[in-house]
Amino acid sequence: MSAGERFTVALIGASGLLGRAVANELASAASTQPWRVVRTARSRADAASVKLDLLDHDAVRAFLGEVAPDAIVVAAAERRPDICENDPALARALNVDALNVIATEARALGAWVLSISTDYVFDGTSPPYLPDDAPAPLNAYGQSKLDGERALLASDPRSCVLRLPLLYGPFTGWNESAVTSLTPAIVKSADAANPPASMDAWATRYPTFTPDVAVVIRGMLEQHAKGATISGIAQWSGDEPMTKFDIAERIARALNVDAKLIAQRTPTDATPRPRDCHLDSGRLEALGIGRRTPFDIAIGGLLANCPDVSSQ
Ligand SMILES: NC(=O)c1ccc[n+]([C@@H]2O[C@H](COP(=O)([O-])OP(=O)(O)OC[C@H]3O[C@@H](n4cnc5c(N)ncnc54)[C@H](OP(=O)(O)O)[C@@H]3O)[C@@H](O)[C@H]2O)c1
């Protein structure tokens, strides 16, 4: 980039759980990095974002051609495993085909793509996982994200995939995250009239706070802006292993409710899920990129700011 030119980031999927945190992080860093950030959303587009449906490939091409970004962060996806399992064509259309269109257009524009992927590309049998370990997804969601990774990196090896585990962060509804979605059952179980709540104690997760991931993404964008582009596969993860049962106990403690929880020691999900996909974050750590907010502090802050928790 020549002096005086502005670094432009297209943030695709800025209305989602992760996209909002990234948008906030880039906006709050605006005084030190005068970047232009163009956000997109689909059903939740607002005055601050461009409405863009990734299934409309012509619209995607037109948007990118008009914005001419230096970097494209793709946080839009179909990330609900049960929906992907029941409709693999939809999962493919968003997680593979749309990413392919973005990748092709980006290559033509010389834009760097940073696309978000998942720990579900692994089968969860031999953690921790390095970026180059052999993927073996157990479900359609993981397969579609793996196919998307491969399509992107085949299109332009300069681009980057950032794999993440279970996310939680500022939310607009309990079900936005598999962490906060436990809360209504936890609160209900504390009522003497209700039965205990059963919580998965089989699978180990590493809940990762979206504002921390946003710091990681900002760091990766800064690397690209200064010509030290990170290419290939990178991974980021929280470092506190927990089952959903453990998470539920911590949420109950944060809410100060006397929850009645039962540890479910065998998987009950209709869609197969991996047992432990701990992602090694060493590549980004070695670059000095990253931040980890302790889970109890992060979840405490989120729940304290949630006025209707006692009405659940
Ligand atoms: N959530 C997790 O626990 C988790 C874990 C690991 C990896 N990831 C990955 O992290 C990324 C972000 O996930 P998230 O949890 O933030 O997802 P999310 O909350 O479900 O948000 C999805 C985003 O995609 C947009 N979108 C959906 N369909 C679209 C379409 N047809 N055209 C354009 N935009 C569309 C949504 O826009 P509207 O809402 O405006 O329609 C929204 O901005 C995904 O790649 C996901 O696979 C998530």
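Reader: How far apart do the C-alpha centres of domain 1 and domain 2 lie?
Author: The C-alpha centres of the two domains lie 28 Å apart. Keep in mind that this is a predicted model.

Reader: Which residues belong to which domain?
Author: The domain assignment gives domain 1 as 8–169 + 207–240 + 277–292. Domain 2 is 174–203 + 241–274.

Reader: And how many residues are in contact?
Author: On the domain 1 side 21 residues are in contact with 13 residues of domain 2.

Reader: What area do they bury between them?
Author: About 1,400 Å², with 59% of it on carbon and sulfur atoms. Leu138, Leu166 and Glu240 supply 32% of the area that domain 1 buries against domain 2, more than any other three residues.

Reader: How many salt bridges are there across the interface?
Author: Four are found between domain 1 and domain 2. Separately, eight residue pairs across that interface are in polar contact.

Reader: Which elements of domain 1 touch domain 2?
Author: Those giving two or more residues are helix H1 (17–28), helix H3 (81–86) and strand E7 (167–168). H3 gives the largest share, three residues.

Reader: What about Arg20, which residue does it form a salt bridge with?
Author: Its partner is Glu176, and the closest N and O atoms are 2.7 Å apart.

Reader: Is Cys277 buried or exposed?
Author: Cys277 counts as buried because its relative accessibility is 3%, and the cut-off for buried is under 20%. Cys306, at 10%, also counts as buried.

Technical notes:
Residues numbered from 1 in each chain as written. Predicted model: local features only at pLDDT ≥ 70, side-chain atom pairs only at ≥ 80, totals over all residues. Heavy atoms only, no water. Buried < 20%, exposed > 50% of the residue type's maximum accessible area, 1.4 Å probe, protein only. Domains from an automatic or database assignment. Contact = heavy atoms within 4.5 Å. Buried area = accessible area lost by both parts, 1.4 Å probe. Salt bridge = Lys/Arg side-chain N within 4 Å of Asp/Glu carboxyl O. Polar contact = N/O pair within 3.5 Å; in protein donor to acceptor, adjacent residues only side chain to side chain. Helix = DSSP H or I, 4+ residues; strand = E, 2+ residues; numbered from the N terminus.
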